[in-house]
Amino acid sequence: MNATPARNDVQHDVQLGMPQLPAPDYPADVRTRLEADAREVIARYPDSRSALLPLLHLVQAEEGHITRTGIRFCAELLDLTTAEVTAVSTFYSMYRRRPSGDYQVGVCTNTLCAVMGGDAIFEDLKHHLGIGNGETTEDGAITLEHIECNAACDFAPVVMVNWEFFDNQTPQSARRLVDDLRAGRTVRPTRGAPLCTFKETARMLAGFPDRRPGVVEATGGAGPASLIGLRLAKGEVAPGHADHVVSPRTTADGPPDEAGPSAATPDGGAPPRSDDAAGPTGEEGE
C-alpha cells in the first residue's frame with residue numbers, strides 16, 4: 001500500500017503576482033556612482049520629483065531596463081513611493097520593462113510609413129530575425145518593435161535604431177541594417193548623431209553629454225524633405241517647378257491682401273461658396 005506523502009514533502013509553486021519586497025539594492029560601488037549622478041540631475045530642478053523621468057533613464061542606462069532595484073533607487077532619492085515610480089515607468093514606452101538588446105530597432109507602422117512599406121519591413125524583419133514584436137534575438141543584439149510614429153513622415157518608411165533615423169528603408173536595406181548591427185559592423189544613421197548602444201543612449205536621455213569626439217558636429221540639421229514645406233511657405237521655387245507653387249506669406253508692401261489672388265478665381269471673380277459646390281438641396285435649399 002502506497003503511503004500518501006506528507007504535506008511538508010509536497011512542492012508548492014504558487015505565484016501570487018506580487019513582487020518580493022523589498023527590492024534588492026545596488027552593490028555599494030554602483031550605488032555610490034549612481035547616487036552622485038542622480039544628485040547632479042536632481043539639482044537641476046526646483047522640485048526634486050520633477051527629476052523622475054531623467055532618473056529613470058539613468059537607472060535604465062545601468063541595467064538596460066527598469067528593474068525593481070532601479071525603481072527603489074529612484075523612490076528613495078526623490079522621497080516617492082515605489083508605486084508612484086512604477087506608475088510613471090510603465091506609462092512611457094521609452095522605459096523598458098524587461099531585458100532587451102543593445103540596439104532597439106523600431107519600425108514605424110503608422111499610416112504613411114505603413115502604406116509606403118513599413119508593414120512589409122516589419123513582417124520581413126520578424127521572419128529574418130526569428131522574433132516577434134518586443135522580443136530580442138538570442139545574441140542579445142537586437143530588440144524589434146513596431147512604433148506608431150517616428151515623426152519623420154517625409155522620409156517614409158522610417159526605421160529607428162536607438163532613436164536614430166534610418167530613412168527611406170526597404171525590406172532589403174532593413175535586413176542589411178540588422179545584419180550589420182549583429183556582426184558589429186559600423187552603421188551610420190541617415191541623419192543625426194553616430195549610433196551608440198541603448199545603454200549609452202539612455203544615459204544621454206538622462207541629461208549627460210555625449211563625449212564622443214565630433215559627435216555634436218555630426219548631428220547636422222533637417223533634411224531636404226523636411227524643408228519643402230518651409231520653402232513653399234516662403235514662396236520659393238520648388239524643385240522641378242518653374243514658378244512659385246504658392247504665394248509668399250509676405251510681399252514688399254506687407255502681408256498679402258486677404259481678398260487678393262488667393263481668394264479669387266482665375267478670371268478674377270469671387271471664389272465659389274462651399275454650399276455652391278454641393279448643388280441644390282431641395283426647395284428649402286433653393
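Biologist: Where is the place of Asn162 in the chain?

Modeller: Asn162 is placed in the loop between strand S3 (159-161) and strand S4 (164-166), where helices (H or I, at least four residues) and strands (E, at least two) are DSSP runs, numbered from the N terminus. Before going further, note that this is a predicted model, in which local features need pLDDT of at least 70 and side-chain atom pairs count only at pLDDT 80 or more, while totals for chains, interfaces and linings use all residues. Residues are numbered from 1 along each chain as its sequence is written, and side-chain values use heavy atoms, with hydrogens and water left out.

Biologist: OK, and is Asn162 buried or exposed?

Modeller: Asn162 is buried, because its relative accessible area is 2%; buried means under 20% relative accessible area, exposed over 50%, and partly exposed in between, with a 1.4 Å probe and protein chains only.

Biologist: Which residues does Asn162 touch, leaving out those up to four places away in sequence?

Modeller: Asn162 touches Asp102, Tyr103, Gln104, Leu195, Cys196, Thr197, Phe198 and Thr201 once residues up to four places away in sequence are set aside, with contact meaning heavy atoms within 4.5 Å. Cys196 is 34 residues from Asn162 along the chain, yet their C-alpha atoms are separated by 7.5 Å, and the side chain of Asn162 reaches the backbone oxygen of Cys196 at 2.7 Å.

Biologist: Let me step back a bit. How many helices and strands does the chain have?

Modeller: The chain has 8 helices and 4 strands, and from the N terminus on the elements run α-α-α-α-β-α-β-β-β-α-α-α. Of the 286 residues in the chain, 34% are buried, and among contacts with a separation of 6 or more, 60% are between residues 24 or more positions apart.

Biologist: What pLDDT does the chain average?

Modeller: The average pLDDT of the chain is 81, and 74% of the residues score at least 70, pLDDT being the predictor's confidence in each residue, from 0 to 100. Over residues 257-286 the pLDDT is below 50, and this stretch has 8 contacts in the model beyond near neighbours in sequence.

Biologist: Now helix H3. Why is H3 largely enclosed by the rest of the structure?

Modeller: Helix H3 (residues 68-78) has 8 of its 11 residues buried, so it is largely enclosed by the rest of the structure. The buried residues in H3 are Thr69, Gly70, Ile71, Phe73, Cys74, Ala75, Leu77 and Leu78, and what covers them includes helix H1 (28-42), helix H2 (52-63) and helix H4 (82-89).

Biologist: And what follows H3?

Modeller: H3 is followed by Asp79, which is found in the loop between H3 and H4. Asp79 has a positive phi of about 55° although it is not a glycine, and Asp79 counts as exposed because its relative accessibility is 71%.

Biologist: Last one: which charged end sits over the ring of Phe208, 4.2 Å from its centre?

Modeller: That is the charged end of Arg203, and the charged end of Arg44 sits over the ring of Phe208 as well, 5.4 Å from its centre. A charge sits over a ring if NZ of Lys or CZ of Arg is within 6 Å of the ring centre and within 35 degrees of the ring normal.

How values were computed:
Polar contact = N/O pair within 3.5 Å; in protein donor to acceptor, adjacent residues only side chain to side chain.
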